[in-house]
Amino acid sequence: MNRYDLSQLMKEVETELTRPGGNFDTLYGHDPKTLEQAKMIAAIALTAADVYYSKLTKIEFGLREADERGEK
């Protein structure tokens with residue numbers, strides 16, 4: 001994921017975090033400190049998910065190449 005993709009996803013997450021009466025607001029409120037912490041956690045989670053799926057893609061590509069070459 002590039003920086004643009006991350007910023008777009010973060011905008012969507014921030015919208016959900018700040019939606020009045022939304023799940024996050026109902027459970028945790030809208031204290032500015034809580035929101036900043038939630039945004040940081042969301043950014044970390046998105047980055048970790050990106051690393052994980054990149055690794056899966058690399059593994060799947062390697063397996064497909066090995067299969068095409070007839071390797072086990």
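Let me begin with Ile44, which is exposed, its relative accessible area being 53%, where exposed means over 50%, buried under 20% and partly exposed in between, with a 1.4 Å probe and protein chains only. What we have here is a predicted model, in which local features need pLDDT of at least 70 and side-chain atom pairs count only at pLDDT 80 or more, while totals for chains, interfaces and linings use all residues. Residues are numbered from 1 along each chain as its sequence is written, and side-chain values use heavy atoms, with hydrogens and water left out.

Ile44 belongs to helix α3, residues 32–68; helices here are DSSP runs of H or I with at least four residues, strands are runs of E with at least two, and both are numbered from the N terminus. Between the C-alpha atoms of Ile44 and Gln8, which are 36 residues apart along the chain, the separation is 15 Å.

At its N-terminal end α1 is capped by Asn2, a side-chain oxygen of which lies 3.1 Å from the backbone nitrogen of Tyr4.

How do α1 and α3 pack? Their axes are 10 Å apart, at an angle of about 140°, with axes taken as lines fitted to C-alpha atoms over the stretch in contact, and angles running from 0 to 180 degrees between N-to-C directions. That makes α1 oblique to α3, since angles under 35 degrees count as roughly parallel, over 145 as roughly antiparallel, 65 to 115 as roughly perpendicular and the rest as oblique.

Next come the aromatic rings, where the structure holds two pairs. Phe24 and Tyr28 form a tilted pair, 5.0 Å centre to centre with 40° between the planes; rings of Phe, Tyr and Trp (its six-membered ring) pair if their centres lie within 6.5 Å, and planes under 30 degrees apart count as stacked, over 60 as edge-to-face and the rest as tilted. Because Phe24 and Tyr28 are four residues apart in helix α2, residues 23–28, about one helical turn separates them. Phe24 is buried at 17% relative accessibility, whereas Tyr28 is exposed at 54%. The rings of Tyr52 and Tyr53 have centres 5.2 Å apart and planes at 75°, so this pair is edge-to-face; Tyr52 is partly exposed at 48%, and Tyr53 is exposed at 52%.

Finally, His30 sits in the loop between α2 and α3, where it counts as exposed at 59% relative accessibility.

Terms used. A polar contact is a pair of N or O atoms within 3.5 Å; within protein, one must be able to donate a hydrogen and the other to accept it, and residues adjacent in sequence count only if both atoms are side-chain atoms.
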